[in-house]
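Here is a short walk through one model. Keep the structure in view while reading.

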Amino acid sequence: MSSASSGPVVLIGAGNMGGAMLSGWLKSGVAGSSIVVVDPGPSDQIMKTINDAGVTHVTSAPAGLTAGVLFLAVKPQVMEAVLPPVKGTIGPETVVVSVAAGKTLSFLEGHLGEAAMVRAMPNTPAMVGRGVTGAFANTRVTAAQREQVHSLLRVSGPVEWVPTEADIDAVTALSGSGPAYVFYLVECMAEAGRKLGLQADLAMRLARETVAGAGELLHQSPDDASRLRQNVTSPGGTTAAALSVLMAEDAMQPLFDKALAAARKRAEELAG
Ligand SMILES: NC(=O)c1ccc[n+]([C@@H]2O[C@H](COP(=O)([O-])OP(=O)(O)OC[C@H]3O[C@@H](n4cnc5c(N)ncnc54)[C@H](OP(=O)(O)O)[C@@H]3O)[C@@H](O)[C@H]2O)c1
C-alpha cells in the first residue's frame, strides 16, 4: 500500500519561489510546526512569516532530521553545493521535490542517491497565488506521496502532471518563462500606443490594465481564449483590423513557435 510520510516538510531555500510556497502552505492550513526552513539568510519579510507561524528556521540542515518532503528551492547554480549536506534528511519515505530549472532527476540522484523524486516547474505568479506548475514524478513516488506533493504545489495555482521528464523543458518554455512574454506584450502594446500619440505613461497604464483585465476575464470565464477573442471581434471592426495583422501567416504564431523552441533548447542545454 502506498503511504505519504508524516515527517516535516523541509524547505531548502526560502527566496522568491520558496518564500511564495511557504506563504501559500501556511495560508492553506499547513501547520507551521510541521515545516522546517533551511536558509542562511531569509529576507525580513520571510523571517516574520517564519516567526509568526512557529516555523522552525535553521541555517543549515540539522543532523538527525528526516524529511517527509524535501523541497529544494535554491538557484540551480548553487544546487551542487547544497545537496550533499541535505542528503542525510532523506529516509525511505521521503519524497524530494525540486523546482530548480534545468536540474534533471539524474543530476539529483547523482548527488542524493535513488529516492522518490518530483521535478516541478512553477512560475512567478505563484507569488500572488496565481501560478501554474508542471510536474513530473519518477516511478518511486507512491500515489500518496504524489497527492501530498500535489497539495503542496497546488497552493500557488493549478498543477499539471506531465508523462515524461523531457516535457518539463517544454513546460519551462511555455509557462515557466511565459510570464515574461506577457510582460513584454504589455511593453509592446504601450510602445505602439505611444507611437499613435498617447502619453507614454498613459499608454503603459492602459496596456498594463488591459492585459491584467484580459487575464482575469480568461481566469474567471468558462469560455476558452479563442471564444473570448471572437466575442470582442466584430466583423469589419477595429479589433478585426488589428487581428488581421497579428494573425497573418508570418506574424505571431510562427514568432511564438520560434521563441518557445529557443527556450526549450536553452532548457535542454542547461540540463547538460
Ligand atoms: N523565480 C521564478 O520565476 C522561478 C520559476 C520556476 C522555478 N524557479 C526555481 O526556483 C529556484 C529558486 O529561485 P528563486 O528565484 O526563488 O531564487 P532566490 O530568490 O535566490 O531564492 C533562493 C534562496 O535560497 C537561499 N540559499 C542559498 N544558498 C543556500 C543554501 N546553501 N541552503 C539553503 N538556502 C540557500 C538563498 O539565500 P541568499 O539569497 O542568501 O543566497 C535564497 O533565499 C531556482 O532553482 C529556480 O530555477 C524559479
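Helix axes here are lines fitted to C-alpha atoms over the stretch in contact, and angles run from 0 to 180 degrees between N-to-C directions. The model is predicted.

Begin with a helix pair. Helix H7 (residues 178–195) packs against helix H8 (residues 200–220) at an angle of about 140°. Their axes are 8 Å apart. Angles over 145 degrees would count as roughly antiparallel; H7 and H8 are therefore oblique to each other. Their crossing is right-handed. On the H7 side, the contact includes Val-182, Leu-185, Val-186 and Met-189. These meet H8 residues, among them Ala-203, Met-204, Leu-206 and Ala-207. By class, the contact has 11 nonpolar, two polar and two charged residues.

Now turn to the sheet. It is open and has eight strands, in the order E3-E2-E1-E4-E5-E6-E7-E8, with mixed pairing. Strand E3 (56–58) and strand E8 (159–161) stand at the edges. Each has a single partner strand, so one side of each is left without a neighbour in the sheet. Neighbouring strands are turned by 20° against each other on average, direction ignored. Strand E6 (residues 116–121) and strand E7 (residues 133–137) run antiparallel, joined by four bridges. Met-121 has Gly-134 in E7 as its bridge partner.

Helix H1 lies across strands E1 (9–12), E2 (35–38) and E4 (69–72). Its direction is at about 165° to E2.

What surrounds the ligand? There are 26 residues around the ligand, and Gly-13, Gly-15, Met-17, Ala-100 and Ala-101 come nearest. Helix H1 (16–27) and helix H3 (76–86) each give two or more residues to this shell. The shell divides into 16 nonpolar, eight polar and two charged residues.

Methods
Residues numbered from 1 in each chain as written. Predicted model: local features only at pLDDT ≥ 70, side-chain atom pairs only at ≥ 80, totals over all residues. Near = placed C-beta within 6 Å. Nonpolar A, V, L, I, M, F, W, Y, C, P; charged D, E, K, R; others polar. Parallel < 35°, antiparallel > 145°, perpendicular 65-115°, else oblique. Left-handed = near helix turned anticlockwise from the far one by under 90°. Contact = placed C-beta atoms within 7 Å. Pairing = 2+ DSSP bridges.
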